[in-house]
Amino acid sequence: MNVHESAENYLETILILSRKEEKVRSIDIVNELEYSKPSVSVAMKNLREKGYIIMGDDGYITLTSKGRRIADSMYERHIAISDWLVFLGVDKKTAAHDACKMEHAMSEKSFLAIKNHIENLKC
């Protein structure tokens, strides 16, 4: 699945916001990411056209199953990489910041190797 990093970020943000609030609106994304309203509006239009989100007449945003798969994958990567960096001695703030970058650039093969390594450490 070839998705741009910005789309992955938006989808992950929608997922995270939907876990905090029952309904997600564009303004919530603007506030969370500190992006401009026009930028978020364009992004939501693109995500809608690609079938990643549904935006109701009331303005509420819902992930489609296709969008949810990407968001879940990015969120799993973010948490695992962040936790791994903290385990290695990186402070939480830096680990979260770096995980944001790494989660998009890393191949599935490398991520699975890190994930398996983390699982083996827990045993």
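These are legends for close-up views of a predicted model.

A note before the views: local features need pLDDT of at least 70 and side-chain atom pairs count only at pLDDT 80 or more, while totals for chains, interfaces and linings use all residues. Residues are numbered from 1 along each chain as its sequence is written, and side-chain values use heavy atoms, with hydrogens and water left out.

**View A. Helix α1 meets helix α2.** Helices here are DSSP runs (H or I, at least four residues), numbered from the N terminus. The α1 and α2 axes come within 10 Å and cross at roughly 105°; axes are lines fitted to C-alpha atoms over the stretch in contact, with angles running from 0 to 180 degrees between N-to-C directions. That makes α1 roughly perpendicular to α2 (65 to 115 degrees; under 35 is roughly parallel, over 145 roughly antiparallel, and the rest oblique). On the α1 side, the contact (heavy atoms within 4.5 Å) is made by Tyr 10, Thr 13, Ile 14, Leu 17 and Lys 20, and on the α2 side by Asp 28, Ile 29, Glu 32 and Leu 33. Sorted by type, these residues give five nonpolar, one polar and three charged. For that sorting, Ala, Val, Leu, Ile, Met, Phe, Trp, Tyr, Cys and Pro count as nonpolar, Asp, Glu, Lys and Arg as charged, and the others, Gly among them, as polar.

**View B. Zooming in on Thr 13 and Asp 28, which both take part in the α1 and α2 contact.** Thr 13 sits in α1, residues 5-20. With 9% relative accessibility, Thr 13 counts as buried (under 20% relative accessible area with a 1.4 Å probe, protein chains only; exposed is over 50% and partly exposed is in between). Skip the residues up to four places away in sequence, and Thr 13 touches Glu 32 and Leu 33. Over in α2, Asp 28 is buried too, at a relative accessible area of 17%. Setting aside neighbours within four places in sequence, Asp 28 is in contact with Leu 17 and Lys 23.

**View C. Helix α2 crosses helix α3.** Here α2 (residues 26-33) and α3 (residues 37-49) have axes that come within 9 Å and cross at roughly 120°. That makes α2 oblique to α3. From α2, Ser 26, Ile 27, Ile 29 and Val 30 make the contact, joined by Lys 37, Val 40 and Met 44 of α3. By type, that's five nonpolar, one polar and one charged.

**View D. A closer look at Val 40 in α3.** At 1% relative accessibility, Val 40 counts as buried. Beyond its neighbours within four places in sequence, Val 40 is in contact with Tyr 10, Ser 26, Ile 29, Val 30 and Tyr 35. Glu 21 is 19 residues from Val 40 in sequence and 18 Å away in space, C-alpha to C-alpha.

**View E. Glu 103 in helix α5.** This helix covers residues 92-105. Glu 103 counts as buried, at 0% relative accessibility. Its contacts, leaving aside neighbours within four places in sequence, are Asn 9, Glu 12, Met 74, Arg 77, His 78 and Ile 81. The side chain of Glu 103 also makes a polar contact with the side chain of His 104 at 3.3 Å (a pair of N or O atoms within 3.5 Å; within protein, one must be able to donate a hydrogen and the other to accept it, and residues adjacent in sequence count only if both atoms are side-chain atoms). Ser 26 lies 77 residues from Glu 103 in sequence and 24 Å from it in space, C-alpha to C-alpha.

Key. Helices (H or I, at least four residues) and strands (E, at least two) are DSSP runs, numbered from the N terminus.
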